[in-house]
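Thanks for passing this one along. Here are a few notes to read with the model open beside you.

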Amino acid sequence: QIHNRAFASRNMDAVYLPFETRDVESFIRRLVHPRTREVDWRWRGLSVTIPHKSAILNLLDSVDEAARQIGAVNTIVVEEDGLRGYNTDAEGVLAPLREAIDLKGARVAIIGAGGAARAALWAFKREGARVTLFARDLPKAQPVAREFGADLQSLAEARFASFDLVVNATPLGARGANEGRTPATAEQLRGAGIAYDLVYNPSETLFLREARQAGCRTIGGLSMLVAQATRQFELWTGEEAPVDLMLEVATRALEKN
């Protein structure tokens, strides 16, 4: 809905469609890559979602340095002779925080160790924040923390009172089976400055409710979603994105859920 309304507002002959695939290599080779595709579609680009953000790296002709460092691609630009990968999640994570906090020297806690956490780690370290990663499975999270130079602590006994910013980079709280779950309680969050949930659907997550009960300022994931989408729009079209319209469309779509 976000991208199609944006295309329409610019009178572009373009459409954004969902494709589900379990075999991403075959999908790219047979349907997308300009040298091997079997369908002559005028692709301009793709979004890449879970679980393909890392697997896609080896199927592209070139990858932006930021995406390579993060280890995940969420945006592909189709060029005449190949595919180029980008990661707009990192920029999206930072966008809602620009007016809320000075990240240089800030103490930031990131909950989770998956793809969203990697993008957040890269973004916050670049801004000069002091980052601690919190995870339930410490052995699994250790390589991620080491790669980005972050401290690592167990989520089980976590207390966030000393942190300026706490980020939920897990799927806990998202619409569906995880909707009634939160990675941190009000008791754990009490004393933290800002609680930031990367989950955007629903807009009011249990994590955000717990954070408000703890007295934290809160930021939902919708602004991050729109910020990364506006960067995608610009990469695909070469034009400035209609940011206000895209945010309005996203907000209305979630209100209908």
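1. Starting with the surface: the protein exposes about 13,200 Å², and carbon and sulfur atoms supply 46% of that area. Please keep in mind that this is a predicted model. Of its 257 residues, 49% count as buried.

2. On overall dimensions, the C-alpha trace spans about 55 × 40 × 35 Å along its principal axes. A compact globule of 257 residues would have a radius of gyration near 18 Å, so the 19 Å of this protein agrees with that expectation.

3. The fold contains 10 helices and 10 strands. Among contacts with a separation of 6 or more, 60% are between residues 24 or more positions apart.

4. Because 12 of the 16 residues are buried, α9 is largely enclosed by the rest of the structure. Those buried residues include L222, F233, L235 and W236, and also Q228, T230 and Q232. Just after α9, G238 takes a positive phi of about 75 degrees.

5. Have a look at T205 too, in the loop between β9 (194-197) and α8 (206-213). Is T205 buried or exposed? Its relative accessible area is 1%, which is under the 20% cut-off, so T205 is buried. The side chains of T205 and D197 are joined by a polar contact of 2.6 Å. Setting aside neighbours within four places in sequence, T205 is in contact with G173, D197 and V199.

Definitions and conventions
Residues numbered from 1 in each chain as written. Predicted model: local features only at pLDDT ≥ 70, side-chain atom pairs only at ≥ 80, totals over all residues. Heavy atoms only, no water. Helix = DSSP H or I, 4+ residues; strand = E, 2+ residues; numbered from the N terminus. Buried < 20%, exposed > 50% of the residue type's maximum accessible area, 1.4 Å probe, protein only. Polar contact = N/O pair within 3.5 Å; in protein donor to acceptor, adjacent residues only side chain to side chain. Contact = heavy atoms within 4.5 Å. Rg over C-alpha atoms; globule rule 2.2 N^0.38 Å. Areas by Shrake-Rupley, 256 points an atom, 1.4 Å probe, with all protein chains shown as cover.
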